[in-house]
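User: I'm new to reading protein structures. Could you walk me through this one, feature by feature?

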Amino acid sequence: MDSLRFNLQQYPIQLKPRILRPRITNNISNQTDETDPRPSSSAGKVQRLVLNNEGRTKLNADPDREFYSYPRFVNHVDDGFISSLTELYRNRLRPGSIVLDLMSSWVSHLPEEVKYEKVVGHGLNAQELARNPRLDYFFVKDLNEDEKFEFEDKYFDAVLCAVGVQYLQQPEKVFAEVYRVLKPGGVLIVSFSNRMFYEKAIRVWRDGTEYSRIQLVVQYFQSIEGFTQPEIIRQQPGAQISVMTRLMGFIGLASRPDPFNAVIAYKNFKPIYE
């Protein structure tokens with residue numbers, strides 16, 4: 001099966017023991033589809049391809065499910081990155097939102113004090129996802145084999161993709177599908193650093209610089225009609241690092257802090273809240 005859905009009753013300790021079914025609500029905008037004055041269009045379709053076939057290739061061409069078949073209960077970025085990401089979520093995600101956490105794992109980095117109506121997780125390892133305490137339920141799917149989501153249109157208030165975009169071989173199709181399931185005014189937040197599983201990252205990402213990777217994600221958004229102009233957030237940790245720490249990092253006695261990069265855009269329009 002291309003997609004496996006897990007009932008949370010299989011994991012009564014880690015997850016909430018209830019089954020949630022998708023339904024269309026509108027927490028992000030005060031307007032309903034019937035009263036929305038914005039004209040309908042072909043928005044959400046792929047306008048152009050960003051990558052050529054060579055740019056999509058991976059050094060390890062085996063199915064991604066095999067690579068992720070065993071759980072990794074580790075953080076793939078450092079504490080500084082995680083703190084910046086959590087603060088970004090705190091500022092951009094409204095309480096009571098319905099959230100899709102794409103390419104997730106055993107942690108989602110959402111602020112602990114904020115309550116959301118529902119958090120749906122996606123990934124490639126069921127054991128990791130089952131350990132994630134923020135997920136109401138999750139599903140396993142390889143987006144490089146099938147990018148379609150089994151959710152109704154305009155279902156989510158927010159979609160998150162943390163440190164996973166570098167592995168997408170069909171990013172244009174995935175971003176188009178994200179657009180479909182977002183509500184008008186819903187947000188897509190894509191965050192990444194300079195770390196990766198090198199053999200599983202696509203070639204254009206492996207060969208790129210930090211700046212070119214940011215611009216690449218911007219182009220992913222721009223390839224889909226209907227997203228707002230992407231907003232870039234960059235945080236370079238160098239200014240906060242002491243001279244001694246920099247020296248130790250240079251000679252290999254300490255690891256260098258991870259840079260924090262995020263690209264953000266909204267479906268149709270950016271909401272303004274009072």
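Analyst: Let's go from the overall picture to the strands, a helix, the cores and the rings.

Analyst: First, this is a predicted model, in which local features need pLDDT of at least 70, side-chain atom pairs count only at pLDDT 80 or more, and totals for chains, interfaces and linings use all residues. Residues are numbered from 1 along each chain as its sequence is written, and side-chain values use heavy atoms, with hydrogens and water left out.

User: How many helices and strands are in the protein chain?

Analyst: Helices (H or I, at least four residues) and strands (E, at least two) are DSSP runs, numbered from the N terminus. Here the protein chain has seven helices and eight strands.

User: And what share of the residues is buried?

Analyst: "Buried" means under 20% relative accessible area, "exposed" over 50%, and "partly exposed" in between, using a 1.4 Å probe on protein chains only. Of the 274 residues in the protein chain, 50% are buried. Contacts (heavy atoms within 4.5 Å) tell you about the fold too: among those in the protein chain with a separation of 6 or more, 76% are between residues 24 or more positions apart.

User: What do β3, α3 and β4 make together?

Analyst: A right-handed β-α-β unit, with helix α3 covering residues 126-131. "Right-handed" means that, with the strands pointing away from the viewer, the path from the first strand over the helix to the second runs clockwise.

User: Are the faces of β3 covered or open?

Analyst: Both are covered: Lys118, Val120 and His122 are buried on one side, and Val119, Gly121 and Gly123 on the other. β4 has both faces covered as well, with Tyr137, Phe139 and Lys141 buried on one side and Phe138 and Val140 on the other.

User: Now a helix. Why is α4 called largely enclosed?

Analyst: Nine of its eleven residues are buried, so α4 is largely enclosed by the rest of the structure. Among the buried ones are Val174, Phe175, Val178 and Tyr179. The buried residues of α4 pack against β2, β5, β6 and α6.

User: Then how do I read a core?

Analyst: In soluble globular proteins, nonpolar side chains tend to be buried together. A nonpolar core is a set of buried Ala, Val, Leu, Ile, Met, Phe, Trp, Tyr and Cys residues joined through side-chain atoms within 4.5 Å. The largest one here has 39 residues, and Phe149, Phe151, Phe156, Val165, Leu188, Val190 and Phe221 have the most contacts inside it. Elements that each supply at least two residues of this core include β5 (156-162), α4 (171-181), β6 (182-192) and α6 (210-222). Apart from this core lies another, of 28 residues, among them Ala130, Phe138, Ala162 and Val187.

User: What does Val190 touch?

Analyst: Not counting residues up to four places away in sequence, Val190 touches partners including Cys161, Phe175, Val217, Phe221 and Val263.

User: How many aromatic pairs are there, and how do I describe one?

Analyst: A pair of aromatic rings is described by the distance of the centres and the angle of the planes. Rings of Phe, Tyr and Trp (its six-membered ring) pair if their centres lie within 6.5 Å; planes under 30 degrees apart count as stacked, over 60 as edge-to-face and the rest as tilted. The whole structure has 14 such pairs. Phe151 and Tyr155 are stacked, at 5.7 Å centre to centre and 10° between the planes. Tyr179 and Phe227 are edge-to-face, at 5.2 Å and 85°. That pair links distant parts of the chain, 48 residues apart: Tyr179 is in helix α4, and Phe227 is in the loop between α6 and β7 (231-235). Ring pairs also link Phe175, Tyr179, Tyr220, Phe221 and Phe227 into a cluster.
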